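Subject: Structure handover

Hello,

Here is the structure I promised to pass on. Please open it first, then read my notes below.

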Amino acid sequence: MSRRVTAEEAANASYAELMAMQEAGDLPGLDGKPRRTNADRAKNYQTRREALIAKLGGKCVVKGCTNTDLELDHIGPTRDWRASDKPRWVRIKLYEQEAERGELQLLCGDHNKRKGKPKRRRAS
Ligand SMILES: [Zn+2]
């Protein structure tokens, strides 16, 4: 018998644990649905990511910035999870939850990299 895993548990699980949960059918939202292909999942991730970006205004929050390589950035202290540790279908859910809580903003790659780092004077 399968048990439902909460979003909280899924968020804190390691990749291997998540794969095991998925295999056992313990993850929410998958019960009774046809098994989706990786292509479906990729498309779903892209669609939801684009929707989030649109919802967040569609551009880097730094005034006057016109860079288009947008990244979803966590506002405030560092996230308690690492994007690289989560499969995309978990990541997008976490991003959506952050957006709901007003903890997500858009930064271009450049501004995201510079964020939090002390400003350094470049030698001339
Ligand atoms: Zn920018």
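Buried residues account for 10% of the 124 residues in the chain. Keep in mind that this is a predicted model.

The overall layout first. The chain has five helices and two strands. Starting at the N terminus, the order of elements is α-α-α-β-α-β-α. Of the contacts with a separation of 6 or more, 71% join residues 24 or more positions apart.

Now the core. The largest nonpolar core holds eight residues: Cys-60, Leu-70, Leu-72, Ile-92, Tyr-95, Leu-106, Leu-107 and Cys-108. At least two residues of this core come from each of β1 (70-74), α4 (88-100) and β2 (104-108). The top contributor is β2, with three residues.

Leu-106 belongs to that core. Setting aside neighbours within four places in sequence, Leu-106 has contacts with Ile-53, Leu-56, Gly-57, Lys-59, Cys-60, Val-61, Leu-70, Leu-72 and Asp-73.

Next, the helix pair α3 and α4. Helix α3 covers residues 38-55. Its axis and that of α4 come within 10 Å and cross at roughly 20°. An angle under 35 degrees counts as roughly parallel, so α3 is roughly parallel to α4. The crossing of the two helices is left-handed.

Which residues in α3 and α4 meet? From α3 they are Arg-41, Tyr-45, Arg-48, Arg-49, Leu-52 and Lys-55. From α4 they are Arg-88, Trp-89, Ile-92, Tyr-95, Glu-96 and Ala-99. By class, this contact has six nonpolar residues, six charged and no polar ones.

Helix α1 spans residues 7-12 and includes Glu-8. Is Glu-8 buried or exposed? Glu-8 has 8 other C-beta atoms within 10 Å. A residue with 12 or fewer counts as exposed, so Glu-8 is exposed. Glu-8 and Leu-94 are 86 residues apart along the chain, yet their C-alpha atoms are separated by 9.5 Å.

Helix α2, residues 15-24, is hardly covered. Among its ten residues, one is buried. Gly-25 follows α2 and has a positive phi, near 75°.

Best wishes

Definitions and conventions: Residues are numbered from 1 along each chain as its sequence is written. This is a predicted model: local features need pLDDT of at least 70, side-chain atom pairs count only at pLDDT 80 or more; totals for chains, interfaces and linings use all residues. A nonpolar core is a set of buried Ala, Val, Leu, Ile, Met, Phe, Trp, Tyr and Cys residues joined through C-beta atoms within 7 Å. A residue is buried if 20 or more other C-beta atoms lie within 10 Å of its own, exposed if 12 or fewer, and partly exposed in between; C-beta atoms are placed from the backbone. Helices (H or I, at least four residues) and strands (E, at least two) are DSSP runs, numbered from the N terminus. Two residues are in contact if their C-beta atoms, placed from the backbone, lie within 7 Å. Axes are lines fitted to C-alpha atoms, for helices over the stretch in contact, and angles run from 0 to 180 degrees between N-to-C directions. Angles under 35 degrees count as roughly parallel, over 145 as roughly antiparallel, 65 to 115 as roughly perpendicular and the rest as oblique. A crossing is left-handed if the near helix is turned anticlockwise from the far one by less than a right angle, and right-handed if clockwise. Ala, Val, Leu, Ile, Met, Phe, Trp, Tyr, Cys and Pro count as nonpolar, Asp, Glu, Lys and Arg as charged, and the others, Gly among them, as polar.
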